[in-house]
Amino acid sequence: MRFGFDIDDTLINVREQAFHIYNKKLNKQVPIEELYKIERLEIHEPFGMNDDEGGQMWRSTEEEIYFSDVQPFPGALEFLQRLVEKGHKIFYITARSKRHGDRTKQWLRDKGFPVEDDHFFWGMKDEEKINFIKKLKLDYYFDDSPYVLKTLLEESVQVFIKDQTYNRAINLPRFESWHDFYLGEDGKLYLSEKQTKS
Ligand SMILES: [Mg+2]
């Protein structure tokens, strides 16, 4: 089977890392609990920044955020490694820019993620992602962005949304933890029932 993954905030916890970096840079101690109350992707509000200031803050720290010690979500690494062991194909499809593309690929490898050279695609805006996912003929695709997933619902690819505070309004097959997936005897992917939310 062919599995596609968004990277940021799907496989790795970029927002949490950014939150720590904002605290350090701004010499603040905003508790991490505040991050998990935000109902939008942007994280600047608890730091008292408006959208312009928040955008500037993100751009000025983006590189540091991406290539510092961002943590994979629990189980993500093991899940992808297991897929490869079982002979499945893995594709990464990220909006990260060309400037960060190659470095991101290496960063993933350094973290232990299985990355084949021609299975890594950067610079994908949402619309491009959608076309690309269709072209790659993926069987499964995972993202935290509702827009991409919603558009793919009509397609044959099975989509899953990584549960985040900013995507809860969307009704899509949802998972909280990478530990919730298992591969069936039939080679298909299943989500443990106790975790399935409506
Ligand atoms: Mg993402």
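Modeller: Asp9 lies in the loop between strand β1 (2-5) and helix α1; helices (H or I, at least four residues) and strands (E, at least two) are DSSP runs, numbered from the N terminus. The model is a predicted one, in which local features need pLDDT of at least 70 and side-chain atom pairs count only at pLDDT 80 or more, while totals for chains, interfaces and linings use all residues. Residues are numbered from 1 along each chain as its sequence is written.

Asp9 has a positive phi of about 65°, although it is not a glycine. Most residues other than glycine have a negative phi. Asp9 is also buried, because 20 other C-beta atoms lie within 10 Å. A residue counts as buried with 20 or more other C-beta atoms within 10 Å of its own, as exposed with 12 or fewer, and as partly exposed in between, the C-beta atoms being placed from the backbone. Of the 198 residues of the chain, 24% count as buried.

Lys137 is placed in the loop between α5 (126-135) and β4 (140-143), and it is exposed, with 11 other C-beta atoms within 10 Å.

Helix α1 (residues 14-25) packs against helix α2 (residues 51-67) at an angle of about 115°, with the axes 10 Å apart. Here axes are lines fitted to C-alpha atoms, for helices over the stretch in contact, and angles run from 0 to 180 degrees between N-to-C directions. The two helices, α1 and α2, are therefore roughly perpendicular to each other, a term for angles of 65 to 115 degrees, whereas those under 35 count as roughly parallel, those over 145 as roughly antiparallel and the rest as oblique. On the α1 side, the residues that meet α2 include Val14, Ala18 and Ile21, and their partners in α2 include Met57 and Ile65; residues are in contact if their C-beta atoms, placed from the backbone, lie within 7 Å.

As for the whole, the chain has 6 helices and 8 strands. Its C-alpha trace spans about 50 × 35 × 30 Å along its principal axes. Among contacts between residues at least 6 apart in sequence, 56% join residues at least 24 apart.

Note on methods. Two residues are in contact if their C-beta atoms, placed from the backbone, lie within 7 Å.
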